[in-house]
Amino acid sequence: MLKKQKGETLNSLNKGFRVPDTYVIIFFVVCLAALMTYLIPQGMYQTEDITYMVDGSESTRTVIKDGSFQYALDENGNPLKDGISLFEAGGGVGLFNYLFEGLVSGDKGGSAVGIIAFILVIGGAFGIVLKTGAVESGIMNMIKKTNGKEKLLIPVLFVLFSLGGAVFGMGEEALPFAMILIPMVIAMGYDGVTGVLITYVATQIGFGTSWMNPFSVAIAQGIAGVPVFSGATFRIVLWVVFTGAGAAMTMIYASKIKKNPTLSVAYESDAYFRDDFKANQENGSVEKFNIGHILVLLTLVAGMVWVVWGVMKNGYYIPEIASQFFIMGLVAGVIGVVFKLNGMKLNDIAAAFKQGASDLVGAAIIVGMAQGIMLVLGGSDPTAPTVLNTILHGISDAFVGLSGTVAAVLMYIFQSVFNFFVVSGSGQAALTMPIMAPLADLLDVTRQTSVLAFQLGDALTNLIVPTSGCLMGALAIARLDWSKWIKFMWKFLGILFLMAVATMIIASVMGF
């Protein structure tokens, strides 16, 4: 029986009110998007191909042509308002088609269906790894040897994951690490929130302040006509400041939870991990750290190195990375069977894979639901008549006439809000930068600063938006409800938001 959580009495005064489930929240957002299709006319842009240099090689990107927006017109020559239907046959998108169409939309290269497959494959692979018991045995062995110095791992890991986000756009790649580190930090006396902070949150801070991320900075600068990877000195300083602040806040929070675990919003959900460790210790199922465990952990390390090498040297992305982790899981399973780790037999490999994948099904479905919002609004194709294009055009027009500093801050806020609908960094860059860059010229804001607004806006709100498949995957691994995550995260993100606003003001004033 868990102890009464602090604040339980206060919650009882709320007369049973509970924050809606993430699925419910997204459904209401979908309904709001559907209503917007009846109120807002559809618009579209023309596109053009531009070329830019990245590391000495030429890249091409299709972008929106400046000043090309026009409304779709009905038979009377008026802007077209074409409200979405409740249901569409033949693969069309109606209000109640949003879930299925969202789940099957895109391709394996990173859209919804690719991310869903990625989440399920790595979930299954790490289900096998966890079944071997190597992670638990390794954690217990490390705790004994660190002798109270394990808290030093928190800032070290935070910096490493932030560096991963800055250097090669680490995002989805953090999820496999989270499957290992979240149980580890809980075993050390911290909580699941700490595990999400040092993995996924750290990557997004690095992503937003990167000086060389090929998936955001390079694309955005290329589209804006700014020398690719220019402004690196300012961004490196920014990365140091934001990463330092994030690591410090994480350390302060982790120390508080270590002293009083019941203060954590994850106290109840962490019981799954705590009880598992306790039960294994009491019944002796946590095996003594042996050569089999070492081989499994070495397989993990080798797999991670292989993934990093593939991403940085060969441009591996979701399809390749998923297969790499699948191979790693199979190798770990074979080692588990050969060395009889945790009493494993051949069929246990399949059972563990199914269990690991099932643990992340909820997060995978959210990816499809989130994509459904985009589909209801007409999709992200700038050349097709959509409500989303009209919203984008209207907001850009609203900026005209503002002072440079105010405009720079509002650009950041706009990118942050827009990120709710388009969480893909490269996708958001292709949609917004062709509009924001020329607009910056009119508002006395440098194009470099407009790229910075995109960077910060694209990354930081990924820490809270339920439409982010990576965030929901990390929370699913921690068994933490999104509503409880928000209860913790709003203060953390609030500080980062104020830092980002200050950054935009400084960048505008200094003409960055």
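A residue is called buried under 20% relative accessible area, exposed over 50% and partly exposed in between, with a 1.4 Å probe and protein chains only. The structure is a predicted model, in which local features need pLDDT of at least 70 and side-chain atom pairs count only at pLDDT 80 or more, while totals for chains, interfaces and linings use all residues. Residues are numbered from 1 along each chain as its sequence is written, and side-chain values use heavy atoms, with hydrogens and water left out.

By these cut-offs Asp-444 is exposed, because its relative accessible area is 67%. This residue lies in the loop between helix H18 (425–442) and helix H19 (447–460); helices (H or I, at least four residues) are DSSP runs numbered from the N terminus. Asp-444 is not a glycine, yet its phi is positive, at about 60 degrees. Asn-342 also has a positive phi of about 60 degrees without being a glycine. Asn-342 belongs to the loop between helix H13 (318–338) and helix H14 (346–359) and counts as partly exposed, because its relative accessibility is 32%.

The interior was described through nonpolar cores, each a set of buried Ala, Val, Leu, Ile, Met, Phe, Trp, Tyr and Cys residues joined through side-chain atoms within 4.5 Å. The largest nonpolar core has 133 residues, and Trp-485 and Leu-496 have the most contacts inside it. Helix H21 (residues 482–509) gives the most to this core, with 12 residues. A second, separate core of 15 residues includes Tyr-52, Ala-218, Val-228 and Val-451. Contact means heavy atoms within 4.5 Å. Leaving aside neighbours within four places in sequence, Trp-485 is in contact with Val-193, Val-196, Leu-197, Val-201, Leu-463, Leu-471, Leu-475 and Leu-480.

Helix H9 (residues 217–224) is mostly covered, with eight of its eight residues buried. Among them are Ala-218, Gln-221 and Gly-222. Gly-225 follows H9 and has a positive phi, near 80 degrees.

Helix H6 (residues 153–168) has 16 residues, and at 1.5 Å a residue it should span 22 Å, which agrees with the 22 Å between its end C-alpha atoms. The expected span is 1.5 Å times one less than the number of residues. The buried residues of H6 include Ile-154, Leu-157, Phe-158, Phe-161 and Phe-168. Those buried residues pack against helix H7 (174–187), helix H8 (192–208), helix H10 (232–259) and helix H12 (291–314). Just after H6, Gly-169 takes a positive phi of about 70 degrees.

Phe-168 also lines the largest cavity, together with Met-170, Glu-173, Phe-177, Met-304, Val-307, Val-308 and Phe-325. A cavity is a set of points, on a 1 Å grid over the protein atoms alone, where a 1.4 Å probe fits but cannot get out, and lining residues have an atom within 4 Å of a point. The volume of the largest cavity is about 40 Å³. H12 supplies the largest share of its lining, three residues.

Phe-325 is also touched by Ile-122, as are Leu-175, Pro-176 and Met-179, not counting residues up to four places away in sequence. Ile-122 is placed in helix H4 (residues 112–131) and counts as buried, because its relative accessibility is 0%. Between Ile-122 and Met-499 there are 34 Å in space, C-alpha to C-alpha, and the two are 377 residues apart in sequence.

Note on methods
Helix = DSSP H or I, 4+ residues; strand = E, 2+ residues; numbered from the N terminus. 1 Å grid on protein atoms, 1.4 Å probe; cavity = no way out; pocket = protein on both sides within 12 Å on 5 of 7 lines; lining within 4 Å. Points joined across faces, edges and corners; volume = space filled by probe spheres on them.
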